[in-house]
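Please open the model in a viewer and keep the sequence beside it.

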Amino acid sequence: ESLATIVMGQLLSVKAAATIAQRVEETVGEALQPENLLATAPDQLRAAGLSRQKIAYLQSLAEAVMSGDLPIDTLPELTDEEVEAAITAVRGFGRWSAHMYMMFSLGRPDIWPSGDLAVRVGFGRIMGWKDRPDENRVIEEGDAFSPHRSALALLCWQFYSEAPL
């Protein structure tokens with residue numbers, strides 16, 4: 001369910017993602033489990049607000065979980081690097097998706113989603129930088145905050161959304 005919700009939220013506001021996720025859950029009629037997603041007609045998922053691309057990603061996720069290619073039950077036992085590799089092997093899932101899963105589903109304390117625009121902007125504001133930092137600078141400067149970068153990412157998102165421009 002967590003990974004399905006992450007895919008639905010890609011490139012959307014939190015509010016829009018939550019609305020679509022709720023509609024998809026109502027459409028599926030049960031929990032967002034692989035069998036239920038695959039049993040739901042793509043036209044029904046489109047009517048719930050998903051793009052064709054996101055439907056394809058959800059189908060890839062469901063197939064990977066059902067086949068065992070994505071060992072969902074053992075992800076908590078893997079290292080961060082192994083979790084990222086397993087998730088990014090699924091079509092439609094990149095580093096950002098893996099980072100969101102590790103932070104919010106696995107509760108990993110030292111995940112640094114440096115590719116997230118809001119994290120970069122928020123981090124730049126926290127650091128007092130005049131220009132928006134690129135990902136490499138955020139990675140380098142963020143290393144000083146290890147092993148608590150997940151908490152720093154939350155603070156960065158707050159600074160991005162709440163701090164005055």
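**First stop: S114**

Select S114, which counts as buried because its relative accessibility is 1%; buried means under 20% relative accessible area, exposed over 50%, and partly exposed in between, with a 1.4 Å probe and protein chains only. This is a predicted model, in which local features need pLDDT of at least 70 and side-chain atom pairs count only at pLDDT 80 or more, while totals for chains, interfaces and linings use all residues. Residues are numbered from 1 along each chain as its sequence is written, and side-chain values use heavy atoms, with hydrogens and water left out.

S114 is placed in the loop between α7 and α8; helices here are DSSP runs (H or I) of at least four residues, numbered from the N terminus. Its side chain makes a polar contact with the side chain of E135, at 3.0 Å. A polar contact is a pair of N or O atoms within 3.5 Å; within protein, one must be able to donate a hydrogen and the other to accept it, and residues adjacent in sequence count only if both atoms are side-chain atoms. Beyond its neighbours within four places in sequence, S114 is in contact (heavy atoms within 4.5 Å) with R120, E135, V138 and I139.

**Second stop: the salt bridges of R95**

Next, select E135, which counts as partly exposed at 26% relative accessibility. Its side chain meets that of R95 in a salt bridge of 3.3 Å, N to O; a salt bridge is a side-chain nitrogen of Lys or Arg within 4 Å of a carboxyl oxygen of Asp or Glu. R95 lies in helix α7 and E135 in helix α9 (residues 135–142), so the pair ties together parts 40 residues apart in sequence.

Now select R149 and D110, which form a salt bridge with closest N and O atoms 2.8 Å apart. R149 lies in helix α10 and D110 in the loop between α7 and α8, so this pair ties together parts 39 residues apart in sequence. Both residues are buried.

Which side chain of opposite charge is nearest to D116? It is R120, 7.4 Å away, and D116 is buried yet has no salt bridge; Lys and Arg count as positive and Asp and Glu as negative, while His and the chain ends are not counted. Show the backbone as well: the nitrogen of A118 lies 2.9 Å from a polar atom of the D116 side chain, and the nitrogen of V119 lies 3.1 Å from such an atom.

Finally, select helix α1 (residues 2–9), where 6 of the 8 residues are buried, so the helix is largely enclosed by the rest of the structure. Its buried residues are L3, A4, I6, V7, M8 and G9. In the largest nonpolar core, which has 43 residues, M8, V24, L70 and I87 touch the most other members. Such a core is a set of buried Ala, Val, Leu, Ile, Met, Phe, Trp, Tyr and Cys residues joined through side-chain atoms within 4.5 Å.

Note on methods: Helices (H or I, at least four residues) and strands (E, at least two) are DSSP runs, numbered from the N terminus.
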